[in-house]
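Biologist: Please take a close look at one helix pair in this model. I would like the geometry and the residues in contact.

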Amino acid sequence: MTMADRIAKPAFIALVAVALAFVTLPSVVVVIVAFGEKSIMMFPPDAWSLRWFERALTYPDFRKGMVNGLYVSAWASLLSVAVGTLAAYAIDRFAFKGRALLEAILLSPLVIPHFTLGVGLLLLASTFGLARGYSVVVLCHLILVVPFVMRSVYVSLKNIDPMLERAAASLGAPPLTVFLRIHLPLLAPGLAGGWLFAFILSFNEFTATLFVTNNTTQTLPVAMYNYVREYADPTMAALSALLILATALFLIIANRFLGLDRILSIESHR
Amino acid sequence: MNDTARPTLLPWFIAPAALVAMLLIAALAMLFQYSFREHLPGTLEVGGVTLENFADLGKWLYLRVFFDTLTISAWTALCSLLLGYPLALALVRCRSRSLKAAILIAVIIPMFTGDIVRTYSWLIVLGTRGFINGTLLGLGVIERPFALLFTQTAVIAALVQYSLPVIVVILAAAISHINTDYEKAAESLGAGPLAVLWKVTLPLSMPGILSGTVTIFAWTMSAFATPQLVGGGKVNMVSNMVYHLGFASFNFPFAATLSMVSLLLIMAVLGLLGLCLKRLERKGFTG
């Protein structure tokens, strides 16, 4: 082993630590600043207080944004699970004309810029008089989130033993019964995970939402953006800290339903 | 796959999704249509058919925004690769289950917290009384705070943090498909860890490296919140220009043109990636 090889492992660990620090640092800093007492954002804070958390939770625009966000995300996530599961199941199991095209279109939001989609939907909505109501926002999020649900379903389907399906079919079950009695129950954990992802992504979505919402329908991220443009106090830090915590919790829960490492296919083949 | 026994209820499975797909196509069609319409200044109405929007694309003001977008995207992709590869390697080769999960969650969280929360946290890190300046001032290293915000470097740093989850996932998937027998063989022949990395692991993960880097490049081209806040109006990517045109000037026709061109550029980049990956596959790389 050369000199370089000897320091390779410690150097690698150091590099990984630096990378991890880079990824997590901003969140940590936000949480610390949120507890600052002064009304300017400073690090480190010279006095501590919880007052920004109180303001974050009582500020009317944030409350409205939260309610709107929950409403939109609940609808968007539920609809996307319904639409996405049916579509992913059909695309995975059966051949039909236009299958590849449908799949390509449904998965395309993964590569379409959110601002492009936002502008397009805004123009579509105003042309057809749906000018920036809740339905535009829900539909926008639905489009954006369906690819994730479909991917979750694909992963879950791969893990179902095909023998189960054949056994049911050999006992005389028509395809619909197989779907309802065999696949759906087995897909349930995957669907739960997919729903959680869909909800989180929809709730936190900003760019496309900025284009399709107005003052009445604005979701929490949009309300936060408007706040930041006017005020520079730690209220946003407090709200961000709460959201980071909530997101982390959601992800840990979703990970138990649908192993994150499986959906992202990074199991090590040893 | 049963294609002879297609269930009669199949249309019901596809119909909802087909509606969503049509909605998406309709939105893109609106963009297409609007880019050919004339902007009537001061109103939201649009005039007749015109090619003026495409002619305007040639103006330096807008070409520069495209150029900046490409530059920022390229740097982001490169830095994401440099930071992301060690993370991906650690994630795959780590033996401890809980450490693996911890690294994964830590890396993935930024992806799910949303643009605003994540971008805002960078304002605090880079602000004049923020983390970097505050720490350096407190340690007595500097006397006055640096202006770190509103620079291209700041935007790139924030974008790298955003992109790391994605590239780590892609790289980790590629690395996990490498048969560890090759590495063990190299070790048994006397190669130290650096040689194994350089001669075995890296080349075998090349499709993943290519895929990850280009994906981040294409993805970053659609960034909005980060340049909007961290750039503070001084660093403009295409998305910010579109927002400004739409909501400040109400010039939706031109905004639509820019949006469409961005989309086409991204598709082109990803299409090229697909072709390169196919070539690599033919040469014998898998995964």
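Modeller: Here is the helix pair, with its packing and its contacts.

This is a predicted model, where local features need pLDDT of at least 70, side-chain atom pairs count only at pLDDT 80 or more, and totals for chains, interfaces and linings use all residues. Residues are numbered from 1 along each chain as its sequence is written, while chains are lettered from A and ligands numbered from 1 in the order in which they are written.

The pair is helix H6 (residues 134–158) and helix H8 (residues 175–204), both of chain A. Helices here are DSSP runs (H or I, at least four residues), numbered from the N terminus. The axes of H6(A) and H8(A) lie 9 Å apart, at an angle of about 155 degrees. Axes are lines fitted to C-alpha atoms over the stretch in contact, and angles run from 0 to 180 degrees between N-to-C directions. H6(A) and H8(A) are therefore roughly antiparallel (angles over 145 degrees). Their crossing is right-handed: the near helix is turned clockwise from the far one by less than a right angle.

Contact means C-beta atoms, placed from the backbone, within 7 Å. From H6(A), the residues include A:His141, A:Val145, A:Phe148 and A:Val149. H8(A) brings, among them, A:Gly190, A:Gly193, A:Gly194 and A:Phe197. By class, this contact has 9 nonpolar, 7 polar and no charged residues. Ala, Val, Leu, Ile, Met, Phe, Trp, Tyr, Cys and Pro count as nonpolar, Asp, Glu, Lys and Arg as charged, and the others, Gly among them, as polar.

Terms used: Helix = DSSP H or I, 4+ residues; strand = E, 2+ residues; numbered from the N terminus. Parallel < 35°, antiparallel > 145°, perpendicular 65-115°, else oblique. Contact = placed C-beta atoms within 7 Å.
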